[in-house]
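Hi,

Here is the structure I promised to pass on. Have a look at it first, and my notes follow below.

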Amino acid sequence: MSNPIDDVPIRDSMIRLGQLLKLANLVEDGVEAAELIKNGLVRVNGEIDDRRGRQLHTGDTVTVNGQTIRVVAPQAG
């Protein structure tokens with residue numbers, strides 16, 4: 001059984017991983033985001049990613065503590 005994926009709208013075409021975790025309220029602050037990422041507890045598109053500055057775009061998914069979110073950027077045009 002899979003958990004539902006929550007869409008998280010962003011303002012621009014890209015957001016960094018640490019910023020997304022804060023925006024989605026998955027962490028309290030940048031320090032907590034950095035710890036989770038450094039300890040291999042964050043998956044991007046199903047793969048563990050230890051880069052806090054990883055650039056995320058529309059359709060990318062991030063999973064932390066069993067909760068998955070999907071990046072939704074504004075439509076170009």
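Of the 77 residues in the protein chain, 34% count as buried (under 20% relative accessible area; exposed is over 50%, partly exposed in between, with a 1.4 Å probe and protein chains only). Bear in mind that this is a predicted model, where local features need pLDDT of at least 70, side-chain atom pairs count only at pLDDT 80 or more, and totals for chains, interfaces and linings use all residues. Residues are numbered from 1 along each chain as its sequence is written, and side-chain values use heavy atoms, with hydrogens and water left out.

The protein chain has two helices and seven strands (DSSP runs numbered from the N terminus: H or I of at least four residues for helices, E of at least two for strands). From the N terminus, the order is β-β-α-α-β-β-β-β-β. The C-alpha atoms fill a box of roughly 40 × 30 × 20 Å along the principal axes.

Two residues I looked at:

Threonine 61 is part of strand β6, residues 61–64. It counts as buried because its relative accessible area is 19%. Beyond its neighbours within four places in sequence, threonine 61 is in contact with Arg43, Val44, Asn45, Thr68, Ile69 and Arg70 (contact means heavy atoms within 4.5 Å).

Glutamine 75 sits in the segment after β7 (67–72). With a relative accessible area of 75%, glutamine 75 is exposed.

Cheers
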